[in-house]
Amino acid sequence: VGVGKQEMLQKKSAVLVDGVILNGPIMDSKAGEKFVEEACKIIMEEVVQKADDVTEKVCEWQAPEKLKQILDLEMRDTGECHQKILQICRDVIKYSVKTNHPRFFNQLYAGIDYYSLVARFITEALNPSVYTYEVSPVFLLVEEAVIKKMIEFIGWEEGDGIFNPGGSVSNMYAMNLARYKFCPEIKEKGLSGLPRLVLFASEECHYSMKKAASFLGIGTENVYFIKTDERGKMIPEELEKQVQRARKEGSAPFLVCATAGTTVLGAFDPLDKIADICENHGLWLHVDASWGGSALISRKHCRLLHGIHRADSVAWNPHKMLLAGIQCCALLVKDNS
């Protein structure tokens, strides 16, 4: 009887468009809740509780063709039953790389932060989109607070920022900003009529600098790579030579990308000396601190980034050393206009 009354109430308050109830349930909520409960139990047992167990495998490795058969990846017209989907969940976990395993050393990130994990559960469950306060009041304020704190660590008195899907995107945005600062008319007129733009980065820089130059129409040949020393740090004197060379060629230097934590050697470029050169030549200084930026939080190691406050923009990925979930990548800019 209770169910019948509930259905009648739903029909009375239903919002109908072309016979479709817009405000009605689209699935069996009780079954859905049960599935979420059981799936979370699997995640807890097979991922979270085994996160620090060195006796577990980092990965249950299978060749691609074999793994395709195990996972049964065929897209069918009909759905699967509750238990089959739970088994798929178990298989996904079983055959995935456990990046929180104590012996996972393959990438520039690792480990699990339980509090960050819960925060990610909440954001996934709420499914927000952080573009206006109206649709995402809490997360917009959280984003502003985190960006403000990151700016403080860099040493700027003011600034702004945005989170991006990867450090490569942060570097491309920085390159775009530097170009816009150098020639604002590009926004309306495009690339036609511009001089040959040239940018500078170390030999050990991230490949995204060439990729960004390609995407933005600058061209990979116009990325001048600066020699590094035996530790992988950019040599400032070589940077000065290359800037002078570009000017003699009739090119237009507009950007220097320094790296704080190179991918292979973990080198930190001498930011203060590079900033001096940028100031002398009126060049935008971007620091790709995607990996090494989190050293700013260390009282002992923050010296590695001495001079970063002189940068115009900084890329910093908290997912690499601060255990934030992938992807958590920020582009921070000194000019908040």
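Which residues touch the most other members of the largest nonpolar core? In this predicted model, where local features need pLDDT of at least 70, side-chain atom pairs count only at pLDDT 80 or more and totals for chains, interfaces and linings use all residues, they are Phe-200, Leu-239, Leu-285, Val-287, Leu-305, Val-314 and Leu-332, out of 35 in the core. Residues are numbered from 1 along each chain as its sequence is written, and side-chain values use heavy atoms, with hydrogens and water left out.

A nonpolar core here is a set of buried Ala, Val, Leu, Ile, Met, Phe, Trp, Tyr and Cys residues joined through side-chain atoms within 4.5 Å, buried being under 20% relative accessible area with a 1.4 Å probe, protein chains only. Helix α11 (residues 271-281) gives this core its largest share, 5 residues; helices are DSSP runs of H or I, at least four residues, numbered from the N terminus. Apart from this core sits another, of 21 residues, with Ile-186, Val-223, Leu-255 and Cys-257 among them.

Now for a helix pair. The axes of α7 (residues 167-182) and α9 (residues 208-215) come within 9 Å and cross at roughly 50 degrees, the axes being lines fitted to C-alpha atoms over the stretch in contact, with angles from 0 to 180 degrees between N-to-C directions. On the α7 side, Ser-168, Asn-171, Met-172 and Met-175 make the contact (heavy atoms within 4.5 Å), and α9 brings Ser-208, Met-209, Lys-211, Ala-212, Ala-213 and Phe-215.

Technical notes: Buried < 20%, exposed > 50% of the residue type's maximum accessible area, 1.4 Å probe, protein only. Helix = DSSP H or I, 4+ residues; strand = E, 2+ residues; numbered from the N terminus.
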